[in-house]
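Me: I would like to learn how to read a structure feature by feature. Could you take me through one, giving the general idea and then the case at hand?

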Amino acid sequence: MGPLPGAELVQKPMQLYRYLLRCCRLLPTKDIQAHYKHAIRQSFRVHADEDDPERIQQIIQRAIEDADWVMNKVRTWPLLPSVLG
């Protein structure tokens, strides 16, 4: 499965930030959402001083790929409702 809708429009760090937070809303539990929101914020703080446009694009591409992986992983958890419920 490809990236979520809107991934192809992400060109700037702030667009990526919003995209990733929207992805978090699709995660199944509040705890999982909070975990990934925290990770997203931490990554943005770590890379806040990045000024190389090529490196920024690499970071954006990798973040979208990672988000896609997480979303696909969550979709394939067959026992998630019974474990969490």
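**A walk through the helices**

Reply: Helices (H or I, at least four residues) and strands (E, at least two) are DSSP runs, numbered from the N terminus. This is a predicted model, in which local features need pLDDT of at least 70 and side-chain atom pairs count only at pLDDT 80 or more, while totals for chains, interfaces and linings use all residues. Residues are numbered from 1 along each chain as its sequence is written, and side-chain values use heavy atoms, with hydrogens and water left out.

Me: Is Pro 28 buried, partly exposed or exposed, and what are the cut-offs?

Reply: Buried means under 20% relative accessible area, exposed means over 50%, and partly exposed is in between (1.4 Å probe, protein chains only). Pro 28 has 37% relative accessibility, so it counts as partly exposed. Its C-alpha atom is separated by 10.0 Å from that of Met 71, 43 residues apart along the chain.

Me: How many helices and strands does the protein chain have?

Reply: The protein chain has four helices and zero strands, and along the sequence the pattern reads α-α-α-α. Of its 85 residues, 31% are buried. For contacts, the rule is heavy atoms within 4.5 Å. Among the contacts in the protein chain with a separation of 6 or more, 60% come from residues 24 or more positions apart.

Me: Which residues of H1 are buried, and what do they pack against?

Reply: The buried residues of H1 are Leu 16, Tyr 19, Leu 20, Leu 21, Cys 23 and Cys 24. They pack against H2 and H3.

Me: At what angle do the axes of H1 and H2 cross?

Reply: Axes are lines fitted to C-alpha atoms, for helices over the stretch in contact, and angles run from 0 to 180 degrees between N-to-C directions. Angles under 35 degrees count as roughly parallel, over 145 as roughly antiparallel, 65 to 115 as roughly perpendicular and the rest as oblique. The axes of H1 and H2 cross at roughly 170 degrees and come within 9 Å. H1 and H2 are therefore roughly antiparallel to each other. The residues of this contact divide into nine nonpolar, one polar and three charged. Here Ala, Val, Leu, Ile, Met, Phe, Trp, Tyr, Cys and Pro count as nonpolar, Asp, Glu, Lys and Arg as charged, and the others, Gly among them, as polar.

Me: And how do the axes of H1 and H3 cross?

Reply: They cross at roughly 5 degrees and come within 11 Å, so H1 and H3 are roughly parallel to each other. On the H1 side, Pro 13, Leu 16, Tyr 19, Leu 20 and Cys 23 meet Ile 56, Ile 60, Ala 63, Ile 64, Ala 67 and Met 71 in H3. The residues of this contact divide into eleven nonpolar, no polar and no charged.

Me: What covers the buried residues of H3?

Reply: The cover includes helix H1 (13–25) and helix H2 (30–46). Among the buried residues of H3 are Ile 59, Asp 68, Val 70 and Val 74. Asp 66 also lies in helix H3, but is partly exposed, with a relative accessible area of 36%.

Me: How many aromatic pairs does the structure hold?

Reply: A pair of aromatic rings is described by the distance of the centres and the angle of the planes. Rings of Phe, Tyr and Trp (its six-membered ring) pair if their centres lie within 6.5 Å; planes under 30 degrees apart count as stacked, over 60 as edge-to-face and the rest as tilted. The structure holds one aromatic pair. Tyr 17 and Phe 44 form it edge-to-face, at 4.7 Å centre to centre and 75 degrees between the planes. The pair links distant parts of the chain, with Tyr 17 in helix H1 and Phe 44 in helix H2, 27 residues apart. Phe 44 is partly exposed, with a relative accessible area of 23%.
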